[in-house]
Amino acid sequence: MQQAAARVLRGARTPQVLSPPVRTPQVLSPPVRTLPVRARSAPAGSAPLGLLYERHGEPAAVVQLKDLEVPKLGDCDVHVKMLAAPINPADINMIQGTYPLLSPLPAVGGNEGVGEVLEAGRRVTALKPGDWVIPADAGLGTWRTQGVFPEKMLLKVPSDISVLCAATLSVNPCTAFRVLADFESLVPGDSVIQNAANSGVGQAVIQIARASGIKTINVVRDRPDLPKLVERLMALGADHVITEEMLRKPEMKDIFKSIPRPRLALNCVGGKSTTEMLRHLQPKGTMVTYGGMAKQPVMVPVSAFIFRDVRLRGFWMTQWRKDHVQDQESVAAMMDSLCQLIRRGQLTAPACTEVPLQDYRAALEASMKPFVSSKQILLL
Ligand SMILES: NC(=O)c1ccc[n+]([C@@H]2O[C@H](COP(=O)([O-])OP(=O)(O)OC[C@H]3O[C@@H](n4cnc5c(N)ncnc54)[C@H](OP(=O)(O)O)[C@@H]3O)[C@@H](O)[C@H]2O)c1
């Protein structure tokens with residue numbers, strides 16, 4: 001059993017010490033030599049198009065579909081035809097100008113997605129036409145039909161997985177994999193508790209944990225169609241799905257008759273949700289914060305520190321990638337484990353709404369609505 005968990009979470013390392021939090025936004029160096037030419041209302045022919053913003057603001061107001069100029073291919077560059085790209089919360093925050101990492105303006109939106117290599121420069125070593133690629137890091141600007149990118153900004157992925165799985169692989173499943181692997185040495189039979197369990201990260205946590213023999217207690221916000229959501233998360237492999245209100249109820253004790261209290265809590269929300277979740281963590285257990293959807297600080301009762309010695313940690317995939325630039329073995333091991341899970345049907349793409357590029361405004365608006373439970377994916 002222990003070996004099974006180790007196999008799935010292989011590539012795990014001892015906990016990473018993160019650099020101090022970024023206070024002022026880091027501005028990324030321009031990833032591609034691509035400039036907007038003029039605004040468009042609808043695509044025509046095969047002219048390269050992209051979703052650009054020239055200033056920060058509300059996405060539906062500042063993002064525009066524009067023609068893009070694709071520059072000449074350099075020796076170390078790769079010409080990519082993008083296939084699909086999701087709209088993630090971090091993409092929205094980057095456009096709003098509130099994310100700790102900002103692209104220089106004008107910028108093409110999107111940090112995640114999958115594309116197919118059309119042409120590779122003379123000194124490109126690892127990629128050839130027909131290969132599928134995903135961003136190696138944040139800031140690529142994936143909401144475009146085509147782009148020319150330096151080879152080092154891309155990672156090859158197998159093309160025998162679905163487009164949706166590949167398009168949503170580089171951020172959420174990687175985050176889920178790392179938070180499960182890097183903070184507590186979990187063994188089969190252990191349990192994990194997480195909030196925003198229906199998020200992209202949450203769905204990946206449920207599936208990776210299931211494949212590793214780890215039980216999950218999944219907290220979601222109450223909603224009119226709650227039974228449908230519970231059914232969906234249970235079908236993914238969730239052991240328990242509860243609402244935030246349930247966290248305070250005495251019936252929570254019943255859950256711990258059949259599974260141990262969690263050694264790991266995954267916090268995507270902040271505020272009250274976190275305080276309640278923390279009550280159920282084992283003494284000396286760890287809570288990892290990776291998201292702040294409620295935009296409220298984490299509140300921890302002093303008793304949790306004094307009498308239960310809980311540990312609070314943070315995780316940012318972007319920082320992990322920076323810390324592992326020289327350790328491509330760990331990156332490859334993680335990608336390999338995730339792709340194997342996908343091939344075995346143990347890790348699926350999050351629930352998605354596929355949207356043609358022209359309908360980007362509706363997709364941006366939908367991605368900011370509560371209780372949608374479906375990720376907007378732009379088809380490029
Ligand atoms: N640290 C990292 O490296 C890293 C990596 C990936 C993602 N993230 C972060 O993780 C979070 C989730 O990303 P994702 O792509 O998985 O998101 P997603 O699929 O778009 O899902 C968003 C989730 O947030 C919940 N939510 C939204 N507003 C909320 C609120 N006010 N209170 C409680 N829950 C709320 C939604 O629940 P409802 O259905 O109830 O609306 C949904 O579960 C984001 O904050 C993102 O930036 C961080």
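1. Two strands are taken as paired if DSSP finds at least two bridges between them. The points below concern a predicted model.

2. On that basis there is an open sheet of six strands, paired in parallel, in the order S14-S13-S12-S15-S16-S18. Strand S14 (240-243) and strand S18 (311-314) are the edge strands, each pairing on one side only. Direction ignored, neighbouring strands of this sheet are turned by 20° against each other on average.

3. Within the sheet, strand S12 (residues 191-194) and strand S15 (residues 264-267) run parallel and are joined by three bridges. Here Ile-193 stands opposite Ala-265 of S15.

4. Helix H6 (residues 200-211) lies across S12, S15 and strand S13 (215-220). The angle of H6 to S13 is about 165°.

5. H6 also meets helix H5 (residues 172-182): the two axes come within 8 Å and cross at roughly 55°. The crossing of H5 with H6 is right-handed.

6. Which residues make the contact between H5 and H6? From H5 they are Asn-172, Pro-173, Thr-175, Ala-176, Phe-177 and Leu-180. From H6 they are Gly-200, Val-201, Ala-204, Val-205, Ile-208 and Ala-209. By class, this contact of H5 with H6 has nine nonpolar and three polar residues, and no charged ones.

Definitions and conventions: Residues numbered from 1 in each chain as written. Predicted model: local features only at pLDDT ≥ 70, side-chain atom pairs only at ≥ 80, totals over all residues. Helix = DSSP H or I, 4+ residues; strand = E, 2+ residues; numbered from the N terminus. Axes fitted to C-alpha atoms, helices over the stretch in contact; angles between N-to-C directions. Contact = placed C-beta atoms within 7 Å. Left-handed = near helix turned anticlockwise from the far one by under 90°. Nonpolar A, V, L, I, M, F, W, Y, C, P; charged D, E, K, R; others polar.
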